[in-house]
Amino acid sequence: MTLDVKDNRTARIGDVAREAGVSTATVSRALANPEQVRPELRARVRAAVAKLGYTPNAAARQLRVKRSRTVLVVTRKRWSAPFFAEVLRGLDAELSAAGYAMVLANMDSEGQDRSRQLVDMMFSGTIDGAVFLSDFVAVADGRSVFDAGLPLVSLCAAMEGTHAVLTDEDVCMERALHQLFALGHRDILYLPGPAENYNEIVRWGALARAFEAAGPGLGLTRAGGGDFSLDYGAAAARAFLAGDRRATAVMAVSDESAIGFLNTVQDAGIRVPDDLSVLGFDGIEFADFCRPALSTIRQPRFELGRTGARVLLSAIDADAPPAPTRHVLPNILDLRGSTGPAPRRLEAS
């Protein structure tokens with residue numbers, strides 16, 4: 001859509017983004033921190049601004065002058081409560097110590113009414129900043145969460161235009177794979193998450209690259225579907241049991257799917273780790289109570305939340321909006337009872 005002088009509404013940042021063929025986050029950066037945007041993109045944004053007569057929302061920026069001492073935390077409808085509970089605890093601990101309250105909002109990409117509520121809240125003057133436990137950007141009525149001029153932090157998933165707090169999940173995924181290689185495993189089954197999920201993209205990408213670099217004589221199979229849930233892990237296990245069972249080790253995108261897989265194959269008589277090794281990702285408490293204890297890549301969940309809060313509070317206190325930053329925390333590879341030396345290949349029953 002292109003606006004002209006006959007339009008009866010003021011151009012918005014979403015209009016500029018469409019005209020320039022870029023994201024609203026890119027428009028925001030091109031106007032606030034042009035040195036962070038490639039010259040050709042800056043030129044397209046400037047041309048679109050001039051053509052549409054766009055004026056940045058100064059009123060929205062002034063919302064930061066008067067503090068509400070409240071932070072919005074946005075989650076997705078389909079999230080892993082066992083994982084994020086500890087992240088939220090870290091957020092709350094740091095925000096509470098600084099005298100801030102935390103308001104939770106749960107949404108998904110299909111909820112336009114929910115997106116509108118979220119965008120309206122960003123413009124309401126009732127919050128000082130937001131933390132996203134999701135890489136979904138809410139847009140409604142030509143406005144996005146970026147247009148309110150508030151500090152934004154994304155946790156566990158890098159969202160363009162925000163301060164991102166992440167873990168070295170790609171590095172640790174590769175480290176875990178090489179540990180399995182050292183134990184003699186050559187055929188690996190991977191239980192994925194949803195294809196569009198940020199963490200799934202990072203973890204699968206690291207695994208695929210490591211396999212490619214390792215050379216011939218190795219097998220990597222990606223299970224069908226994809227989810228972080230116990231139910232998905234159980235379904236993947238049933239498919240494994242019905243197949244040729246070439247894999248001697250399983251790497252899951254999450255502890256929950258690994259636990260669902262582990263319990264289901266053991267119920268079918270598969271011995272873990274004698275017949276099959278299983279490795280999860282996240283380090284949730286449930287992994288400690290599996291039998292055998294689940295090997296996992298432990299994320300510093302509490303510290304993720306605490307670091308995210310510190311980054312946000314620093315941005316709120318800054319005299320001018322700081323350039324987006326990126327913070328990467330280390331994970332820990334914790335090999336326990338569910339992983340062991342590779343057995344001879346299992347025979348299909």
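**Close-up views of a predicted protein chain**

View 1. In α8, the buried residues are Tyr-198, Asn-199, Glu-200, Val-202, Arg-203, Gly-205, Ala-206, Leu-207, Ala-210 and Phe-211, where buried means under 20% relative accessible area, exposed over 50% and partly exposed in between, with a 1.4 Å probe and protein chains only. The model is predicted, so that local features need pLDDT of at least 70 and side-chain atom pairs count only at pLDDT 80 or more, whereas totals for chains, interfaces and linings use all residues. Residues are numbered from 1 along each chain as its sequence is written, and side-chain values use heavy atoms, with hydrogens and water left out. Helix α8 covers residues 198–214, and because its 17 residues should span 24 Å at 1.5 Å a residue, the 25 Å between its end C-alpha atoms agrees with that expectation; the expected span is 1.5 Å times one less than the number of residues. At the start of α8, a side-chain oxygen of Asn-197 comes to within 2.9 Å of the backbone nitrogen of Asn-199. After the helix comes Gly-215, which has a positive phi, near 100°.

**View 2. Helix α9 and what covers it.** Helix α9, formed by residues 230–242, has 13 residues, and the distance from its first C-alpha to its last is 19 Å, close to the 18 Å expected at 1.5 Å a residue. Its buried residues are Tyr-232, Gly-233, Ala-234, Ala-236, Ala-237, Phe-240 and Leu-241. The cover over the buried residues of α9 includes strand β8 (187–191) and helix α10 (255–267); helices (H or I, at least four residues) and strands (E, at least two) are DSSP runs, numbered from the N terminus.

**View 3. Ser-257 in helix α10.** Ser-257 belongs to helix α10 and is counted as buried because its relative accessible area is 0%. When residues up to four places away in sequence are not counted, Ser-257 touches Leu-191, Asp-227, Phe-228, Ser-229, Leu-230, Tyr-232, Gly-233 and Ala-252, a contact being heavy atoms within 4.5 Å. The side chain of Ser-257 also makes a polar contact, at 3.1 Å, with the side chain of Ser-254. Such a contact is a pair of N or O atoms within 3.5 Å; within protein, one must be able to donate a hydrogen and the other to accept it, and residues adjacent in sequence count only if both atoms are side-chain atoms.

**View 4. Asp-147 in a loop between two strands.** The loop that holds Asp-147 runs between β5 (143–144) and β6 (152–155). Asp-147 counts as buried because its relative accessibility is 12%, and its side chain reaches the backbone nitrogen of Ser-144 at 2.8 Å.

**View 5. Leu-329 in strand β13.** Leu-329 is part of strand β13, residues 326–329, and is buried because its relative accessible area is 14%. Although Leu-329 and Pro-300 are 29 residues apart in sequence, their C-alpha atoms are 7.4 Å apart in space. With neighbours within four places in sequence set aside, the contacts of Leu-329 are Leu-166, Thr-167, Asp-168, Pro-300, Glu-303, Leu-304 and Thr-307.

**View 6. The whole chain, as context for the close-ups.** The protein chain contains 11 helices and 14 strands, and 51% of its 349 residues are buried. Of the contacts in the protein chain with a separation of 6 or more, 74% are accounted for by residues 24 or more positions apart.
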